[in-house]
Amino acid sequence: MIDKKFKIANKIFKSRLIVGTGKYKSFSECAKAIKTSGADIVTVAVRRVNISNKNKARLMDYIDPKKITYLPNTAGCFTAEDAIRTLRLAREIGGWKLVKLEVLGDKRNLFPEMIETLRSTELLTKEGFKVMVYCNDDPLMAKRLENAGAVAIMPLAAPIGSGLGIQNKVNIKIIRKQTKLPLIIDAGIGQASDASIAMELGCDGVLINTAIAKAKKPIQMAEAMKLAVISGRKSYLSGRINPNLFGSASTTNKGII
Amino acid sequence: MNIKNKIKITVNGKQMQIIPKFTLKSLITKLKMPLNKIAIELNKKIIDKNRISKIRLKKDDKIEIVHFIGGG
């Protein structure tokens with residue numbers, strides 16, 4: 001299979017690994033991990049400025065939005081209205097139209113509230129946003145998001161930050177078969193092999209935050225994830241052998257003594 | 001100026017006192033906020049950053065100033 005460029009909303013990106021910027025010990029560690037990961041898209045969140053500590057370091061001082069694509073998210077939003085308010089503010093900061101929609105329904109499992117997610121996708125698309133949608137691994141809902149104008153489908157592998165890896169490979173494969181939109185695994189990755197599996201299932205990319213940021217060695221894990229995504233993609237494109245129940249000797253019996 | 005003449009506003013959930021006719025631009029300058037890294041909401045309406053010098057703050061105005069932080 002020939003590799004196709006990783007294209008979201010008509011923009012080509014080099015790396016198929018998207019990295020989150022939360023949970024790092026410091027902005028400098030975060031910046032180093034991003035550089036090592038090779039990611040050219042990073043997710044960011046919109047929050048109140050700390051007005052009592054004006055000299056506090058800012059993310060934008062460490063990660064240059066001119067060099068790396070910022071993907072504003074709607075983390076912490078539970079309704080379409082919250083999500084739209086947040087992304088309008090994000091757009092106002094510097095004109096961001098490519099966004100990650102994430103509308104949650106439960107504070108504990110952090111699963112997406114898909115009815116609000118679908119409604120938000122429709123409303124944001126009408127407003128001119130290019131919406132990459134965090135969603136459940138449900139093929140029917142993925143189809144509805146696509147029809148509503150989503151520019152990327154981003155199903156979870158497992159709950160956000162859980163590190164459990166891909167729990168429902170069959171659903172991801174079905175979504176892959178039914179959509180030509182970029183399919184990106186978002187949330188639940190724990191280790192490099194999980195990222196490889198996502199790519200081997202035919203996903204176009206992987207979004208990782210906690211698995212890198214909270215690893216004992218985040219920078220090294222960022223490199224591992226980078227290699228895993230490249231490796232998984234190559235494996236997918238190479239056309240794997242059919243799995244067999246019985247063995248097939250690698251060495252011929254011809255000329256055996 | 002006498003404290004009686006000051007008006008109360010709320011910025012990012014915190015009460016502040018300003019002199020009457022204080023503009024939104026003066027507030028941003030006073031707080032030393034870099035305009036290219038923030039977005040501003042006044043009473044839940046997003047404000048065009050090019051217009052902040054024309055906006056005079058009133059009693060009980062609620063201002064939200066946001067920026068990007070780390071997130072997944």
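**Strand E3 of chain A**

I take buried as 20 or more other C-beta atoms within 10 Å of a residue's own, exposed as 12 or fewer, and partly exposed as in between, with C-beta atoms placed from the backbone. Strands (E, at least two residues) and helices (H or I, at least four) are DSSP runs, numbered from the N terminus.

I then looked up the partners of E3(A). Two strands pair if DSSP finds at least two bridges between them. E3(A) pairs with strand E10 (residues 205-208) of chain A in the parallel sense, over three bridges. There, A:Ile18 has A:Leu207 as its bridge partner. E3(A) also pairs with E4(A), again in the parallel sense, over two bridges. A:Val19 has A:Val42 of E4(A) as its bridge partner.

**Ground rules**

I number residues from 1 along each chain as its sequence is written, letter chains from A, and number ligands from 1, in the order in which they are written. As the model is predicted, local features need pLDDT of at least 70 and side-chain atom pairs count only at pLDDT 80 or more, while totals for chains, interfaces and linings use all residues.

**Where chain A meets chain B**

I followed E4(A) across to the other chain. Five bridges join E4(A) to strand E5 (residues 62-70) of chain B, and the two run antiparallel. A:Val46 has B:Phe68 as its bridge partner in E5(B).

Next I looked up the whole contact. Chain A gives 28 residues and chain B gives 21 residues. Two residues are in contact if their C-beta atoms, placed from the backbone, lie within 7 Å. On the side of chain A, the elements that give two or more residues are strand E4 (41-48), helix H2 (59-62) and helix H3 (80-94). E4(A) has the largest share, six residues. By class, I find 14 nonpolar, eight polar and six charged residues on this side of chain A. Here Ala, Val, Leu, Ile, Met, Phe, Trp, Tyr, Cys and Pro count as nonpolar, Asp, Glu, Lys and Arg as charged, and the others, Gly among them, as polar.

**Chain B**

I checked the partner chain. Chain B has one helix and five strands. From the N terminus on, its elements run β-β-α-β-β-β. Its C-alpha atoms fill a box of roughly 45 × 25 × 20 Å, taken along the principal axes. Of its 72 residues, 25% count as buried.

**Helix H1 of chain A**

I asked which residues of helix H1 (residues 27-37) of chain A are buried. They are A:Cys30, A:Ala33, A:Ile34 and A:Ser37. Seen down the axis of H1(A), these fall within an arc of 100° (taken over the directions from the helix axis to the C-beta atoms), so they line one face of the helix. What covers them includes strand E3 (17-20), E4, H2, helix H8 (210-213) and helix H9 (218-238) of chain A, together with E5 of chain B. A:Gly38 follows H1(A), and its phi is positive, near 75°.

I moved on to an open sheet of three strands in chain A, in the order E6-E7-E8, with parallel pairing. Its edge strands are E6 (98-101) and E8 (152-155), each of which pairs on one side only. E6(A) and strand E7 (residues 130-135) of chain A share four bridges. A:Lys100 stands opposite A:Met132 in E7(A).

A:Met132 turned up again in the largest nonpolar core, which has 91 residues. A nonpolar core is a set of buried Ala, Val, Leu, Ile, Met, Phe, Trp, Tyr and Cys residues joined through C-beta atoms within 7 Å. Residues with the most contacts inside this core include A:Met132, A:Val133 and A:Met225. A:Met225 touches A:Leu17, A:Ser37, A:Ala192, A:Ala195, A:Ile208 and A:Ile212, not counting residues up to four places away in sequence.

**A:Asn73**

Last, I looked up A:Asn73, in the loop between strand E5 (69-72) and H3 of chain A. Is A:Asn73 buried or exposed? A:Asn73 is buried, because 30 other C-beta atoms lie within 10 Å. A:Asn73 and A:Met132 are 59 residues apart in sequence, yet 9.4 Å apart in space, C-alpha to C-alpha. Leaving aside neighbours within four places in sequence, A:Asn73 is in contact with A:Thr43, A:Val44, A:Ala45, A:Lys100, A:Glu102 and B:Gly71.
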